[in-house]
Every structure is written in structure tokens, then in C-alpha cells.
Amino acid sequence: MIRDLAWSFFYGTVNFDNVFGTTNHYGNVDVFAGLYNSGYRKQNKQRVENFKSEDVKAMFEALLEDWTNEGFDPFAAPQETGSAFGPKHGSNSKAITRKRLTAKRMVGLKDDIPLRSDEAGNPINRQLADVPQDAPEVHAEPGFENEVHAFNFFGYVSRSDVTWNPSVCAAVKDALICATTEEYMLPVIHGNDRVEWFVQLSDEIQWDVSDRDTGEPRARRGDEGGRRLGDACRHPPSGLFAQALNPAGVENNDAQLPELYASKRLKSNPVDF
């Protein structure tokens, strides 16, 4: 739920499990039960209702507040946080209202989001303690100081305060460089409404892919078939759902894409064989 809220219902569909989830229409949201589950569909038991985005957001925020105990961070890996279980005690409003960081051009540029540092309250994540923190030197011609920029990408990513919280590090027109660190499976099933490329910068990415309409398994990219360091792979915009472990993404932020895919004017696959 925190992932659905932090991204304002994502770009596409989020299944919290095999039954319940949301589909974002940018201003309004479908909340469904069993819509993408073959058992529900075969018995005609699926249900979907559409609500204004702000109404669903307010309800989900209230549910999340009620479910989150003091000391528990629903955005963090299990090793980074307290327990989600037990009687309700206290709260953690700071954790559940965290917003994703989105650079307009590039982190560290003037009037953009700042670089992470110890002084800014961003210590190095325990899993990335060996990542060098040296910064590149930039020698810009006079008058171009705010136009030429570089930063230590791996150093920035190593200071993410939680796992599975992608942040936009740079943007060129509709292309967003969205980096993250993961150490466990994304706890939701995600269906994009646009193409998303993953460039593997370390370790391995694993995907469990299922059919959008039935929820039936379609493919698994893992074990010996996982994408490893230096590989690139692609999440389809529609037709399939996926769970992933360990990606770093290049996202397409073109606002026309959701309507083009929904109306079938743009195919969700790049080529037919």
C-alpha cells in the first residue's frame, strides 16, 4: 500500500496480492477485487469500482496509518525495520508519508534536489558500505557552471535510506533515469502502462511474469535465466504482470502513453514474430 501511495498509484496497475489492487487513470483510480484472477473471473465474481484519486488516497492513507506501528517502516527491507505484527501501538507518520525524490534535470544541480550526504541525514546503506564516495571534478567554462554537472551515481544510490524506493536521478525530456537498490522481492505485482527498461548495475534481476487477464504464470526470469551485471531487459507496458528483484530502471514519462495503450492505438509489444 505504501508503494501505491508513494507513486500516486503508480503508472499502471498494482496488485497487492492475487486478488486486490488498483489501476491508475490519472485523476481517477479503479479499485478491484479478482479482476485479474482466473478463479474469480471464471465464477464471474470479480468486482471493480472507480473513484476520484484523492478519495482513494485519503482512505488508503488512513488504513496505512492504522496498520503501522511505532518503529515499523513499510518501505524498508525486513532487516532495516521493526515488526509489522502485534497489537497497534504508536505510529510512524514520517515513514508512511515519504515522497519519492524526483529530479527535474539532475540531482545536485542548482534549484534541483540535493545530493545525499551524512550532513543531510543520508548515511550509507549497510549493504553498500564498500561503495566509493569520491565525487567527480567538474571544470565548467565561465557562465556554464549551472549547465555542466556530474555526480557519483553509485555513491548517491548507496545512500538510499530504504530499499525499493526508486528515485529519479536525471531527466532528459520524457526519459527518466530511476535508480534503486533492492535486496528482496517487490511485495506487489506490477503492471505498467508504458515500456520500462532495466539496466542491471550489480547482482541479478529475477522476474515472475503472469498473464494480465487470468493471473496465470507465463514466465520466470531467474535462477540460471536471471539478468546479471551489465544486462538490460524490458518490462512490457500491458498484457503482463511482473514481480521483480534488483532492477534499476529507465522510465518513459510521456503522458500520452496510457491513453494510447488503453485505446489500442499503440501496441504493447515492439515486434510480432
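**View 1. Asn44 in its loop.** Asn44 is exposed, with a relative accessible area of 60%; buried means under 20%, exposed over 50%, and partly exposed in between, for a 1.4 Å probe and protein chains only. The residue lies in the loop between helix H2 (38-42) and strand E4 (47-52), where helices (H or I, at least four residues) and strands (E, at least two) are DSSP runs numbered from the N terminus. Although Asn44 is not a glycine, its phi is positive, at about 55°. The model is predicted: local features need pLDDT of at least 70, side-chain atom pairs count only at pLDDT 80 or more, and totals for chains, interfaces and linings use all residues. Residues are numbered from 1 along each chain as its sequence is written, and side-chain values use heavy atoms, with hydrogens and water left out.

**View 2. Tyr26 in its loop.** Tyr26 is placed in the loop between strand E2 (20-24) and strand E3 (28-33). Its phi is positive, near 60°, in a residue other than glycine. Tyr26 is partly exposed, with a relative accessible area of 41%.

**View 3. The salt bridge of Glu61 and Lys57.** A salt bridge (a side-chain nitrogen of Lys or Arg within 4 Å of a carboxyl oxygen of Asp or Glu) joins Glu61 to Lys57, with the closest N and O atoms 2.5 Å apart. Because the two residues are 4 residues apart in helix H3 (residues 53-67), about one helical turn separates Glu61 and Lys57.

**View 4. The salt bridge of Arg159 and Asp118.** In this salt bridge, the closest N and O atoms of Arg159 and Asp118 are 2.8 Å apart. The pair links distant parts of the chain, 41 residues apart. Arg159 is buried, at 9% relative accessible area.
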